[in-house]
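Please read these notes with the model open beside you.

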Amino acid sequence: MIDKQILNNINVLYAEDESIIQEGIKETLNLFGINVICAQNGQEGLELFKESNNKIDLILTDIKMPKLDGLGMIEKIREINRDIPIIITTAHQETSYLMQSIELNIDAYVLKPINIYKLEETLIKAIEPSILKKKLIEKNKKLEIEIAKNEEKQKIMEAQSRFAAMGEMISMIAHQWRQPLASIGTASFNLKYKLLSGKFDLTTKEGREEQAEFFTGKLDEIEFYVQNLTTTIDDFRNFYKTDKTIVKTTIDKSINSSLKILQKDLETNDIEIKLNLNSKNIINIYENEIIHVFINIIKNAQDKFLEKKIKNAVLEITTKDLDDGIEIEIYDNGGAFEKDNLDVIFEPYFSTKKEKNGTGIGLYMSKIIIEKNHNGKIAAKNINEGVSFNIILHSMI
Ligand SMILES: Nc1ncnc2c1ncn2[C@@H]1O[C@H](COP(=O)(O)OP(=O)(O)OP(=O)(O)O)[C@@H](O)[C@H]1O
Ligand SMILES: [Mg+2]
């Protein structure tokens, strides 16, 4: 399909010494929407071309002209630009020049007297490839800018998600530490109290033994809680490592690690966890990222349970091996999402928790982690009395 629009606004350098012919053709070309720059001979044509600053899209030239003829001009122009489309106008008796014009890589010729329809068709055929190429280059440039912008956006979102996760983590650590810290406080208070109140009769052997037993018991208790605090820190630190390392594991282990991090929160909020973990396949994954996804999904369910004040809140996690991967299902009974199509919840910044400062990037990042970084699939749907997230994962190596 020939697109005549393609001629609109192109710049043509037209060299022709017979001004009557030139005037007539120029007027017609103008009607096609072409801007015509006229030269009376090859020399003038060459100079105009050099001055044009690459603005000329096509050259139309007569052959026989004074000072410098058409082929002489083309030879010089080809030294500067090997690709610009060139059409020559020629009379029958000049066909002997055609061999030379082939060597100069001329795109087409039009016989004189010029048939306007033929000229239009020839112009279109000659200009089409270079205009398409220009358009393609422009499109590519725009695309590159778009890609760079997207990458920038992605980085900002990753940083936001990291910050949000960090905030959450600090509050989770605080949560998990509260109880052991309180226990250490009580144990040391008891020690001090018994010591200062003279409860033990240190003059007798029994009294001294009683004191030693009491002290050892309390110190063991303190040691146990300190160990507990240390483990919590290690769990979180492992999860929060910024380096992306591939870990060989089973998905069931990763789920247990996620639950360990969330354990206190879930317990405090009376959320029952039902586990049907049946995946034995060893897979290679960016485990920290995957744990991040599980935490995002579980925290969302917990947010909903709390917001809707759900009694008998249940979170059910099921895993199973597939022929070429693993399937994970995380279901909550906290009520359906308001729309049937849940795709919207994976969009960046979509959040129904604006008043609670929901960032709306938790699930967006989760989708990137599963689908882009792990080549898997994540989807959500309303089932029974709640929402179910389905994840398919494959081993990365
Ligand atoms: N289990 C679920 N049931 C119903 N709706 C959900 C569930 N999980 C997520 N959503 C909806 O998807 C939205 C987007 O979740 P996402 O985790 O991306 O952001 P958020 O939870 O709103 O914010 P943030 O994670 O920063 O707290 C939520 O605001 C909520 O409306
Ligand atoms: Mg969330």
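1. Tyr349 counts as partly exposed, at 40% relative accessibility. The classes used here are buried (under 20% relative accessible area), exposed (over 50%) and partly exposed (in between), with a 1.4 Å probe and protein chains only. Tyr349 sits in the loop between strand 10 and helix 9. Helices (H or I, at least four residues) and strands (E, at least two) are DSSP runs, numbered from the N terminus. The phi of Tyr349 is positive, near 70 degrees, and the residue is not a glycine.

2. The model is predicted, and local features need pLDDT of at least 70, side-chain atom pairs count only at pLDDT 80 or more, and totals for chains, interfaces and linings use all residues. Residues are numbered from 1 along each chain as its sequence is written, chains are lettered from A and ligands numbered from 1 in the order in which they are written, and side-chain values use heavy atoms, with hydrogens and water left out.

3. Asn9 is another residue to check for its backbone. Asn9 is not a glycine, yet it has a positive phi of about 70 degrees. Most residues other than glycine have a negative phi, and most peptide bonds are trans. Asn9 belongs to the segment before strand 1 (11–15) and is exposed, with a relative accessible area of 54%.

4. Which peptide bond is cis? The bond from Lys112 to Pro113 is, with omega near -5 degrees. Pro113 is in the loop between strand 5 (108–111) and helix 5 (116–196).

5. Now the overall form. The protein has nine helices and 12 strands. Its radius of gyration is 39 Å, well over the 21 Å that the globule rule gives for 397 residues, so the protein is more spread out than a compact globule. That radius is taken over C-alpha atoms, and the rule is 2.2 Å times the number of residues to the power 0.38. Along its principal axes, the C-alpha trace spans about 135 × 50 × 45 Å.

6. Ile156 is in helix 5 and is partly exposed, with a relative accessible area of 44%. Ile156 and Gln179 are 23 residues apart along the chain, and their C-alpha atoms are separated by 36 Å. Compare Asn35 and Val12: they are also 23 residues apart in sequence, but 6.2 Å apart in space, C-alpha to C-alpha. Asn35 is in strand 2 (residues 35–39) and is partly exposed, at 31% relative accessible area. Leaving out residues up to four places away in sequence, Asn35 touches Asn9, Ile10, Asn11 and Val12; a contact means heavy atoms within 4.5 Å.

7. Of the 397 residues, 43% count as buried. Among contacts between residues at least 6 apart in sequence, 71% join residues at least 24 apart.

8. Which residues touch the most other members of the largest nonpolar core? They are Ile251, Ile328, Ile345, Phe389 and Ile391, in a core of 43 residues. Helix 8 (residues 287–307) supplies the largest share of this core, nine residues. Apart from this core lies another, of 21 residues, among them Leu7, Ala108, Val110 and Ile124. A nonpolar core is a set of buried Ala, Val, Leu, Ile, Met, Phe, Trp, Tyr and Cys residues joined through side-chain atoms within 4.5 Å. In soluble globular proteins, nonpolar side chains tend to be buried together.

9. Is Ile345 buried or exposed? Ile345 is buried, with a relative accessible area of 11%, although it is found in the loop between strand 10 (325–332) and helix 9 (362–373). Beyond residues up to four places away in sequence, Ile345 touches Phe337, Phe350, Leu363, Ala380 and Phe389. Its C-alpha atom is separated by 7.7 Å from that of Tyr364, 19 residues apart along the chain.

10. Ile391 has contacts including Val293, Phe294, Ile297, Ile326 and Ile328, again not counting residues up to four places away in sequence. His292 is in helix 8 and counts as buried, at 16% relative accessibility. His292 and Gly362 are 70 residues apart in sequence and 9.0 Å apart in space, C-alpha to C-alpha.
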